Amino acid sequence: MTVQPAQQLVLRQPDDWHVHLRDGAMLQAVAMATARQFGRAIVMPNLSPPITTVAAARAYATRIHEALPDGSGFQPLLTAYLTDTIDPREIARGHAEGVWVACKLYPAHATTNSAAGVGSIEAITPVLETLERIGMPLLIHGEVVDPEIDIFDREAVFIERHLEPLLGRHPGLRVVLEHITTADAADFVRSGPANLAATITPHHLHINRNAMFRGGLRPDFYCLPVAKRELHRLALRAAATSGDPRFFLGTDSAPHARAAKEAECGCAGIFNAPYAIESYAAVFEAENALHRLEGFASEHGPRFYGLPLNDGRITLLRQPQEVPSRLHLNDAAGQAVDLVPFHAGETLPWRLL
Ligand code: DOR
Ligand code: ZN
C-alpha cells in the first residue's frame, strides 16, 4: 500500500505579523496581495515621513482600507515608529484608542526610511517603561549600524550589545525580534523568556547569501537583515517548523520599484506577498512539518499579541503554479506598477484557492 500525500490543506486563516504595505500608488498596487490570504497584518510605519503620531496612523489606516475592495475583511494593525523624541503619552494614547497595537524600533540608519529612527536605546527608556506598563509589544529591527561591524554579524552583535541588556532592564516588556536571520537569534529566542518572540520571513527560509551572487549581482535577493550562510538558513527552518510558539509568520514583504532596486545604490527588500503562504507551505512540506504550518501561520502570532484567532479558513491545493518573472499590478488609477515577486520563474507546489 502506498500512502498518497494530501491534495488539499485547509488552514485557519493566517495573519502576517510584519509587512510593508507602503503608500500611494504602491499601496494600491500591493495591498490586495496581502489581503487575499491574511486576515490581519502588522503594518510597518517606515513611510516617508514615518508614522509617529496617532493622527498619521489613523489617516494611514483609512488609506489602506481605501486601497482594498469593500468588504475585504482585512484588518491592518498599525504600528508607531519610535524616534529619540517621541512622547510616551502619544504612544499610550494611540494604544488606548486602538489606533496602533505595537511600536517599531529601527536603529537609526539600519534600513529603508530609518534615518529618523532611534539613535540610542537607553535614551528612550521612558518609552520602553510605558510599553512595559501598558503591555504594548516592542518590535525590533535587530541590527547594529556600526560600520566597523561586518554586515553578516550585525544581528548577532545587536543581540549581545543591545537586546540582552534591554530585556534585563525591562523584564516585563513584550518583544518581537523581527525577521531573524541567524542561528544565534533562533537560539537566543528559544532560550529566552516567554515574553520574547521572533518572526521569520519566507525568503530567509528559502535562500542563503549565495542567492545574491548567483551568476552576477541579483538585487531581487537583497534585503535587510541580509541573508546569511546556509547553516543559518537551516537553523531558521528548524525553528519555524519546530512548533515552538515563540516563532511565527512575518513576511517582511517589502516592495520597491524596479528603478529603486536596480539603482547605483539599490534598496533592500523582497516582495514576497503574492505567494507568501505557498512559499511557507513549500518549506513546511519539505521539512515534513505541514501539520505545524497552522500553528506558525495562524496561532502563535495572535496568542503572543493577545488577539483572537481568525475564524475563517483558507485552502491550499496541491497544484504546481509557475510564478511569473514580473507582476504588473494596477494602482487605483489603473497605472501598472511593475514588481518582481519572490520565487520569480520558479514553480511552487501549492496554490491558494
Ligand atoms: O529588506 C528590508 N526592506 N528590510 C527592512 O528592514 C526594511 C524593508 C523596507 O522597508 O524596504
Ligand atoms: Zn520590515
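Biologist: How many residues surround ligand 1, and which are the closest?

Modeller: This is a predicted model. In it, 13 residues surround ligand 1, and the closest are R22, N46, T112, L224 and H256.

Biologist: What classes of residue make up the shell around ligand 1?

Modeller: The shell holds 4 nonpolar, 7 polar and 2 charged residues.

Biologist: Which polar backbone atom is 2.8 Å from a nitrogen atom of ligand 1?

Modeller: That atom belongs to the backbone of L224, a residue that is also listed among the closest to the ligand.

Biologist: And what lies 3.3 Å from an oxygen atom of ligand 1?

Modeller: An N or O atom in the side chain of H20 lies at that distance. A polar backbone atom of G269 is likewise 3.3 Å from an oxygen atom of the ligand.

Biologist: How much of the accessible area of ligand 1 does the protein cover?

Modeller: On its own, ligand 1 has 290 Å² of accessible area, and the protein covers 100% of it.

Biologist: Where does ligand 1 sit?

Modeller: Ligand 1 is placed in the largest cavity.

Biologist: Let us change topic. How many aromatic pairs does the structure hold?

Modeller: There are 9 aromatic pairs in the structure. One of them joins W17 and Y305, whose ring centres are 4.6 Å apart.

Biologist: Why does the pair of W17 and Y305 count as stacked?

Modeller: The planes of the two rings are at 20°, and planes under 30 degrees apart count as stacked, so this pair qualifies.

Biologist: Where in the chain are W17 and Y305?

Modeller: W17 is in strand 2 (residues 16-19), whereas Y305 is in helix 11 (residues 293-305). They are 288 residues apart, and the pair thus links distant parts of the chain.

Note on methods. Residues numbered from 1 in each chain as written. Chains lettered and ligands numbered in written order. Predicted model: local features only at pLDDT ≥ 70, side-chain atom pairs only at ≥ 80, totals over all residues. Heavy atoms only, no water. Near = heavy atom within 4 Å. Polar contact = N/O pair within 3.5 Å; in protein donor to acceptor, adjacent residues only side chain to side chain. Areas by Shrake-Rupley, 256 points an atom, 1.4 Å probe, with all protein chains shown as cover. 1 Å grid on protein atoms, 1.4 Å probe; cavity = no way out; pocket = protein on both sides within 12 Å on 5 of 7 lines; lining within 4 Å. Sits in = over half its atoms within 2 Å of the grid points. Nonpolar A, V, L, I, M, F, W, Y, C, P; charged D, E, K, R; others polar. Phe/Tyr/Trp six-rings, centres within 6.5 Å; stacked < 30°, edge-to-face > 60°. Helix = DSSP H or I, 4+ residues; strand = E, 2+ residues; numbered from the N terminus.
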